[in-house]
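Visitor: I would like to go through this model term by term. Please set each value against its definition before drawing a conclusion.

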Amino acid sequence: MNTIFRKSMLSVAGLAFAGGVFAGPIAAHANPVDAKPVAVAVQSAAQKPQGDQSRISLNDEQTANVKAIIAATKKAGLPERAAVISIATSLQESKLENLGHLGDLNDHDSLGLFQQRPSSGWGTPEQITDPAYSTTAFLKGLKQVDGWQDMALTDAAQTVQVSAYPDAYAQWEQQATDLVAQHWNS
């Protein structure tokens, strides 16, 4: 199949899906008296979710970590797209759980929301397991990536994280986008 035609068809299908995801749940639960506008980040062609998307239910701790990532992003003066990339990265690395050392299950000395490593210069174990610090460290790395605002989420995240699974971040983009839309103004 012609690549341009295939990409066009995938874009149309993606817009139809996104429209259903955003409009369906909102319309189904809308209360006309208490309805508040929902912020939806506009994404460029390079920022549309790639591939199959994953989604998990979040507990109170994970939701608090989402809010901490958003707060650190705002404090750094960065836009919603940076929060989306950060949350998707944390979803992949730790499922938004602030992980300590996992013994034999640990990947080297990786810790925290972003599975950052003290031995790689991300900070001390205490710093890395602080959601505000670890997010700020991730964002510092992201800001050093030329053109991160316009590149695919998985490429931006991989450039910062240098993961053995570089394409894995893409699967969390829709949930991260939804979480930022839900919590950015709360």
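Predicted model: local features only at pLDDT ≥ 70, side-chain atom pairs only at ≥ 80, totals over all residues.

Visitor: How do you know that the span of α3 agrees with its number of residues?

Guide: The expected span is 1.5 Å times one less than the number of residues. For the 15 residues of α3 this should be 21 Å, and the end C-alpha atoms are 21 Å apart, so the two agree.

Visitor: Why is Gln115 called buried?

Guide: Buried means under 20% relative accessible area, exposed means over 50%, and partly exposed lies in between (1.4 Å probe, protein chains only). Gln115 has 14% relative accessibility, so it counts as buried. Gln115 is found in the loop between α3 and α4 (125–128) and has a positive phi of about 50° although it is not a glycine.

Visitor: Is Val162 buried or exposed, and why?

Guide: Val162 has 63% relative accessibility and therefore counts as exposed. Val162 lies in the loop between α6 and α7, and its phi is positive, about 55°, although it is not a glycine.

Visitor: What makes α3 mostly covered?

Guide: Twelve of the 15 residues of α3 are buried, among them Arg81, Ile85, Ile87 and Ser94. The buried residues of α3 pack against α2, α5, α6 and α7.

Visitor: Why is α3 called roughly perpendicular to α6?

Guide: Axes are lines fitted to C-alpha atoms, for helices over the stretch in contact, and angles run from 0 to 180 degrees between N-to-C directions. α3 and α6 pack at an angle of about 70°, with their axes 10 Å apart. That makes the pair roughly perpendicular, given that angles of 65 to 115 degrees count as such, those under 35 as roughly parallel, those over 145 as roughly antiparallel and the rest as oblique. Residues of α3 including Arg81, Val84 and Glu93 meet Leu153, Ala156, Ala157 and Gln161 in α6.

Visitor: What makes a set of residues a nonpolar core?

Guide: The set consists of buried Ala, Val, Leu, Ile, Met, Phe, Trp, Tyr and Cys residues joined through side-chain atoms within 4.5 Å. The largest nonpolar core here has 33 residues, and those with the most contacts inside it are Ile85, Ile87, Leu96, Phe138, Leu142 and Trp148. α3 gives the most to this core, with seven residues.

Visitor: Which residues is Ile87 in contact with, leaving aside its neighbours within four places in sequence?

Guide: Contact means heavy atoms within 4.5 Å. With those neighbours left aside, Ile87 is in contact with Val66, Ile69, Ile70, Leu96, Ala176, Leu179 and Val180.

Visitor: How do you know that Asn65 is buried?

Guide: Asn65 has 7% relative accessibility, so it counts as buried. Asn65 is in helix α2.

Conventions. Residues numbered from 1 in each chain as written. Heavy atoms only, no water. Helix = DSSP H or I, 4+ residues; strand = E, 2+ residues; numbered from the N terminus.
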